[in-house]
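Good morning, and thank you for joining this group meeting. I shall present one structure, moving from single residues to the chain as a whole.

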Amino acid sequence: MLSTCTADRLRAGAALEESTLSTTPAAPASSRVFIDKQSPKAYRALVETAGAVRAVADEAGLDRRLVELINLGVSQINGCAFCLDVHTRAALRAGETIQRLGVLPAWRDTELFTERERAALALAEATTDPAQADAQETAYETARQVLDEDEISAVIWVAITINAFNRVSILSKHHVRKVPLIPGSPRE
């Protein structure tokens, strides 16, 4: 059975392929290569990795909402519109609140996030920008106080994986289609 995230990625990939391959005339020289379509074996391997990471996160006991917060936090840092779109909807399906999603970029400035969530978000940020050695050490030490080794490993793997997907989508310039965030909500 496919994980929700893997299924979302496959659906997004199919929608992307359908929208770009079936309706787009020959691409101008300045357009980007959709590297997931150009090298499907490599992309499928990345999707399989995401499935394995999801299993690791599940086995470590990471709540799906926390995994989606990590996916969103990393995607915000990287500025990946496509992944922000996919994972906002996934977070809402997992039961995340609109309020917490709205303040996620300022998670340090609110009490809406638990100590575990804060530790995971800081560790994910440190994984995304490893050049910040001091921040990385602080994040890791904080995480060790509230997360066990399996959880720390899972958080880091989730961050590594979403960073990879962010690069694929950013460099391919994947488009975000206008769809309702919540089933039944108006398309605005």
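This is a predicted model: local features need pLDDT of at least 70, side-chain atom pairs count only at pLDDT 80 or more; totals for chains, interfaces and linings use all residues.

Let me begin with a question: in which helix does Val146 lie? Val146 belongs to helix α8, residues 133-146. Residues are numbered from 1 along each chain as its sequence is written, and side-chain values use heavy atoms, with hydrogens and water left out. Helices (H or I, at least four residues) and strands (E, at least two) are DSSP runs, numbered from the N terminus.

To return to Val146, its relative accessible area is 21%, so the residue is partly exposed. In this scheme buried means under 20% relative accessible area, exposed over 50%, and partly exposed in between, with a 1.4 Å probe and protein chains only. Leaving aside residues up to four places away in sequence, Val146 touches Glu115, Arg116, Ala119 and Glu151, where contact means heavy atoms within 4.5 Å. Ala119 is 27 residues from Val146 along the chain, and their C-alpha atoms are separated by 7.3 Å.

Next, helix α9, which holds Ser153. Ser153 is partly exposed, at 31% relative accessible area. Between Ser153 and Ala60 there are 8.6 Å from C-alpha to C-alpha, although the two are 93 residues apart in sequence. In the segment after α9 we find Lys173. Lys173 is not a glycine, yet it has a positive phi of about 55 degrees. With a relative accessible area of 47%, Lys173 is partly exposed.

I turn now to aromatic pairs. Rings of Phe, Tyr and Trp (its six-membered ring) pair if their centres lie within 6.5 Å; planes under 30 degrees apart count as stacked, over 60 as edge-to-face and the rest as tilted. How many aromatic pairs does this rule give? The count is one. The ring centres of Tyr43 and Phe165 are 6.0 Å apart and the planes stand at 85 degrees, so this pair is edge-to-face. The pair links distant parts of the chain, with Tyr43 in helix α3 (residues 40-60) and Phe165 in helix α9 (residues 149-172), 122 residues apart. Tyr43 is buried, with 14% relative accessible area, and Phe165 is buried at 2%.

What of the space inside? On a 1 Å grid over the protein atoms alone, a cavity is a set of points where a 1.4 Å probe fits but cannot get out, and lining residues have an atom within 4 Å of a point. Grid points are joined across faces, edges and corners, and a volume is the space filled by probe spheres set on the points. The whole structure has two cavities of 30 Å³ or more.

Finally, the chain as a whole. The protein chain has nine helices and zero strands. Of its 188 residues, 42% are buried. Among contacts between residues at least 6 apart in sequence, 69% join residues at least 24 apart. Thank you for your attention.

Note on methods
On a 1 Å grid over the protein atoms alone, a cavity is a set of points where a 1.4 Å probe fits but cannot get out, and a pocket is an open set with protein on both sides within 12 Å along at least five of seven lines; lining residues have an atom within 4 Å of a point.
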